[in-house]
Amino acid sequence: PSVEEFVGLFKNAAFVVTDSFHGSVFSTTFRVPFVAVAPPKYSGRISSLLTRTEQSERLVESPGAAIDVVNSGPQLQDPIISLQPERIRTAEYLRRVLSG
């Protein structure tokens, strides 16, 4: 799919099951209920994102455990509130680096 179609799949989904960082980011950004199954390698970025957005209960170790998250239906946190301090810190860093 094109980039627009790929992102649209997340934006228009009723629920997402993913094992990717970007799937977790898009689901969080679009406030789509989701569960992230930790991949065998490189799950640190997903874990970091979900911790920062107060959604760590959405990261599971196996596809079978994803069913428990789906059935329990934890409420989505508002990622805008959770990510605002990071966005401010990043903007300040970019201003500082690019101005000097």
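Biologist: In this predicted model, what separates Arg-89 and Glu-86 in helix H5?

Modeller: Count along helix H5 and you'll find Arg-89 and Glu-86 three residues apart. Their closest N and O atoms are 2.8 Å apart, and a salt bridge needs them within 4 Å, so the two side chains qualify. Along the helix, then, what separates them is about one helical turn.

Biologist: Which residues do salt bridges with shared partners join into one network?

Modeller: Searching the whole structure turns up two salt bridges. One links Arg-89 with Glu-86, and the other links Glu-86 with Arg-52 at 2.7 Å, N to O. Glu-86 sits in helix H5 and Arg-52 in helix H3, so this second pair ties together parts 34 residues apart in sequence. The network is made of Arg-52, Glu-86 and Arg-89.

Biologist: Is Glu-86 buried, partly exposed or exposed?

Modeller: Buried would mean under 20% relative accessible area, and exposed would mean over 50%. Glu-86 comes in at 23%, so its label is partly exposed.

Biologist: Okay, on to the sheet: which strands stand at the edges?

Modeller: Three strands make an open, parallel sheet, ordered E1-E2-E3. An edge strand has a single partner, so one of its sides is left without a neighbour in the sheet.

Notes. Residues are numbered from 1 along each chain as its sequence is written. This is a predicted model: local features need pLDDT of at least 70, side-chain atom pairs count only at pLDDT 80 or more; totals for chains, interfaces and linings use all residues. Side-chain values use heavy atoms; hydrogens and water are left out. Two strands pair if DSSP finds at least two bridges between them. Helices (H or I, at least four residues) and strands (E, at least two) are DSSP runs, numbered from the N terminus. Buried means under 20% relative accessible area, exposed over 50%, partly exposed in between (1.4 Å probe, protein chains only).
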